[in-house]
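User: Could you take me through one part of this model in detail, please? I would like a close look at the place where the ligands are held and at what surrounds them.

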Amino acid sequence: MITLKGVGRKNTDMNNSAYVKSLRDREGLPTPSGALAVRSGKHMARFAAGKFIVENEVDGIAYNQYHHPLPLCMFQQFWLETNPFPIKSKNTYQVGNHPTNNIFVSVETQTHWHQLFASHLFLEPSGTPLERWTLRCIPDAKLSQGPEVFIGICFSEKKVLITGTGYAGEIKKAMFTIMNVLLPQSDILTLHSSAVLTPSNTSMLLLGLSGTGKTTLSACQSLRIIGDDEHAWSHDGIFNLEGGCYAKTINITPESEPNIYHALRQPAILENTILNSQNLPDFTDDRLTENTRAAYPLDHIPNAYHQVAPHPADIVFLCYDLYGVIPAVSRLDALEALAYYETGYTAKVGATEAGSKNISPVSSPFFGLPFFPLNKATYSDLFAKKIQQHQSRVWLINTGWSDGGINAGRRHALSQTRRIIQGIAEQKLHNLAYKRHPELQLQYLCSQPSFPLNPELSPAWTRTASFKQGCMILNKLLRSCKQTVDID
Ligand SMILES: Nc1ncnc2c1ncn2[C@@H]1O[C@H](COP(=O)(O)OP(=O)(O)O)[C@@H](O)[C@H]1O
Ligand SMILES: C=C(OP(=O)(O)O)C(=O)O
Ligand SMILES: [Mn+2]
């Protein structure tokens, strides 16, 4: 019998049972820390092109390259086609850590490890749900007339169907997409962000597309993690939609990211990490994928905060700037904040989306367009209203490339970014000296003895043609922020 240590306090029974059954059925291997190493199969990244939403069921869906319309009868047919596949495991969870603004989802999986994933990422039911959904995940199913990978959402029958992919991230992101449709109907803004509680008992949100640092920066020694990826902002504060984290593990070390590294213990899942002959994970090995992932309950991070948190005093946009034109940290006024929120300039990094192996600049409104299916005005208007109502300060942090950009510069150091986040949380950045950006007009923090920054935009760099070219592209994006433009 396998003994369990360090199990988080939620979903404990389900965690234990799915973990043990997964090992029993040889779905994965136990690593020395007790984490379960599994492989997701051919697809090891989110399928960006493949989500379908049944048509004519919800007002305001903006169908685009991420969300395609599907007739109800097709969805029903696909569902029936998965009936012959044995369901190994079934359990019900809550999505949304709020007594009333939540939904219940019954998760049916073909493997125990996908159920274990659901038990880490979702919550034990305790509230009163707005709706009750069913999610079926059958990686082995090949639909007769469907695409190779199918992620379908049907609002009338409250069903989600995932076939053709075993990448566990699809499970959580499908539920996120549903929450992004349901909650705004009650004036609740949903955000692709991590969230932390600051020492002054306010919350801080960190919005960003995949790879910009949400998970890493939320797992920090001095701030309390609320969640690493999906949050909602309601009239009573900020709450996590999830109950666990889904962290990238490539090149992780106990020194670089101690909280996350130590969270990789029983019954965490390691997805697509290669093990050595002693079953020890080799986090440097990217032969399977660079997008190696770990899923674990929120309680695996010390001092996690499980309540509805106070309204955010500070909101940070994390941007992975390839051009090196965005300074380490800038403060945005309300108009700038809205423009950057609607534009979501950043880069796609690290193969989180299938097909995006190389880094490319992208505009992804709300820092996550693939998960926000409603008309853009829904999210923009709510964002504008909330920051105005709660007087939240908005910051833009570049976690990407500094002076010289990706071709000639270096990435902003994680230690410096952490120091900036800490400075914001402790309200130490307000009274420092700022400069006006020569091309983007932002007010950015300059290096000063009480808060050294290395590098700051150097005058030599700002005079170059490359700098001006990068700024021109970004300015164009910001001006055309009403429409999505892929600029690669
Ligand atoms: N300055 C920086 N800020 C944040 N992350 C950084 C920085 N420099 C390097 N990184 C690395 O970038 C990755 C960010 O990934 P992650 O936190 O998982 O992003 P997200 O949760 O937004 O998808 C991590 O591997 C982290 O170590
Ligand atoms: C799981 C994901 O989240 P992130 O990469 O933002 O952590 C994803 O985008 O597929
Ligand atoms: Mn993340």
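Analyst: Here is a walk through the ligand site, taking one ligand at a time.

Please keep in mind that this is a predicted model. Let's begin with ligand 2, which sits in the largest pocket. Twelve residues surround ligand 2, and the closest are Arg46, Lys173, Ser210, Lys214 and Arg293. By class, this shell holds seven charged residues, three polar ones and two nonpolar ones. Two secondary-structure elements, helix 4 (169–182) and strand 15 (244–248), each supply at least two residues of the shell around ligand 2.

Now for the individual contacts. Arg46 places a polar side-chain atom 2.5 Å from an oxygen atom of ligand 2. For Lys173, a polar side-chain atom is 2.7 Å from an oxygen atom of ligand 2. His192, found in strand 10 (residues 189–197), has a polar side-chain atom 3.4 Å from an oxygen atom of ligand 2. On its own, ligand 2 has 290 Å² of accessible area, and the protein covers 98% of it.

Two of these contact residues also turn up in the annotation. An unreviewed UniProt entry places the feature "binding site" at Lys173, His192 and Asp229. These annotated positions are spread over 57 residues of sequence, yet they cluster in space, with a largest C-alpha distance of 10.2 Å. Lys173, His192 and Asp229 are included in the lining of the largest pocket.

Let's turn to ligand 1, which also sits in the largest pocket. There are 16 residues around ligand 1, and Gly211, Lys214, Thr216, Lys248 and Glu257 come nearest. The shell around ligand 1 has nine polar, four charged and three nonpolar residues. Helix 5 (214–218) and helix 10 (414–425) each supply at least two residues of that shell, and the largest share, three residues, comes from helix 5.

Backbone and side chains both take part in the contacts with ligand 1. A polar backbone atom of Gly211 is 2.7 Å from an oxygen atom of ligand 1. From the side chains, Lys214 brings a polar atom to 2.8 Å from an oxygen atom of ligand 1, and Glu257 has one at 2.6 Å from an oxygen atom of ligand 1. Taken alone, ligand 1 exposes 570 Å², of which the protein buries 87%.

Note on methods. Residues are numbered from 1 along each chain as its sequence is written. Chains are lettered from A and ligands numbered from 1 in the order in which they are written. This is a predicted model: local features need pLDDT of at least 70, side-chain atom pairs count only at pLDDT 80 or more; totals for chains, interfaces and linings use all residues. Side-chain values use heavy atoms; hydrogens and water are left out. A residue is near a molecule or strand if one of its heavy atoms lies within 4 Å of it. A polar contact is a pair of N or O atoms within 3.5 Å; within protein, one must be able to donate a hydrogen and the other to accept it, and residues adjacent in sequence count only if both atoms are side-chain atoms. Accessible areas come from the Shrake-Rupley method with a 1.4 Å probe; for residues, only the protein chains shown count as cover. On a 1 Å grid over the protein atoms alone, a cavity is a set of points where a 1.4 Å probe fits but cannot get out, and a pocket is an open set with protein on both sides within 12 Å along at least five of seven lines; lining residues have an atom within 4 Å of a point. A molecule sits in a cavity or pocket if more than half of its atoms lie within 2 Å of its grid points. Helices (H or I, at least four residues) and strands (E, at least two) are DSSP runs, numbered from the N terminus. Ala, Val, Leu, Ile, Met, Phe, Trp, Tyr, Cys and Pro count as nonpolar, Asp, Glu, Lys and Arg as charged, and the others, Gly among them, as polar. UniProt positions are given in the numbering used here, feature names are shortened, and annotations may be inferred rather than shown by experiment.
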